[in-house]
Amino acid sequence: MGGIQRRKRVHNNDSKMRRKLRLKRRTKDLDQIDDDLKPGVVENLLSRPVDFDKPGMAQFYCVHCAKDFINGDAFKAHVRGKPHKIRVKNLRLEPYTIEESLRAAGMGSYKAPAKRKMDTLLPEAVVKGETIADVKRRALGLEDVPLVEGEEEVKAMKDDDIPDNQEEGVDDNSDSEDEEGDKRM
Ligand SMILES: [Zn+2]
């Protein structure tokens, strides 16, 4: 962090290369994500503790891209996108290891890196279809309690609203009738 990040400017005219070298939105490298995908680690990443400072309170995290999203819809849109698909495809190949380099150098028998199954992993909040409001309630430890009170409040609000609207509607109608009357006059 900080300090000189890039001393030379090369690839001046190569927009794709330039995008690859961009540092601002750079996330983890594939080998780091490979560590994240190991059993015992993925589970924690798919059900992370609520963090109010992270986008989506850290509940909509794409493990493959090491990126937080603000809600389930944003996550789903991301998963359908090209950058994510490319990443998942690249993660299918097992990462380059020292063992492989030794085998390639003639020590032991060479075995090509294996392809493995790699599907998009959904964080728990996406699987459950939680909204940000749900996440907040869960974070506050209210997930079992308040729905009943909340519903009653909502119903009460609606009951209050409806007659008001109707009265207004009636008023509007009478007004419009008056206006029409005026126009006819
Ligand atoms: Zn992704």
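Here is a quick tour of this protein chain, from its overall layout to a pair of neighbouring loop residues.

Keep in mind that what you're looking at is a predicted model. The chain has nine helices and two strands. Starting from the N terminus, the elements go α-α-α-β-β-α-α-α-α-α-α. Of its 185 residues, 10% count as buried. If you take the contacts with a separation of 6 or more, 45% of them link residues 24 or more positions apart.

Now for the inside. The largest nonpolar core has eleven residues: Met 57, Phe 60, Tyr 61, Cys 62, Val 63, Cys 65, Phe 69, Phe 75, Ala 125, Val 126 and Val 135. In soluble globular proteins, nonpolar side chains tend to be buried together.

Pick out Ala 125, one of the core residues. If you skip its neighbours within four places in sequence, Ala 125 touches Gln 59, Phe 60, Gly 72, Glu 130 and Val 135.

Next, the loop between helix 3 (42-46) and strand 1, where you'll find Met 57. Ala 58 sits in the loop between helix 3 and strand 1 too. Most residues other than glycine have a negative phi, so have a look at these values:

| Residue | Phi | C-beta neighbours within 10 Å |
|---|---|---|
| Met 57 | near 55° | 21 |

Is Met 57 buried or exposed? Met 57 is buried, because it has 21 C-beta neighbours inside 10 Å and the cut-off is 20 or more.

Key:
Residues are numbered from 1 along each chain as its sequence is written. This is a predicted model: local features need pLDDT of at least 70, side-chain atom pairs count only at pLDDT 80 or more; totals for chains, interfaces and linings use all residues. A nonpolar core is a set of buried Ala, Val, Leu, Ile, Met, Phe, Trp, Tyr and Cys residues joined through C-beta atoms within 7 Å. A residue is buried if 20 or more other C-beta atoms lie within 10 Å of its own, exposed if 12 or fewer, and partly exposed in between; C-beta atoms are placed from the backbone. Two residues are in contact if their C-beta atoms, placed from the backbone, lie within 7 Å. Helices (H or I, at least four residues) and strands (E, at least two) are DSSP runs, numbered from the N terminus.
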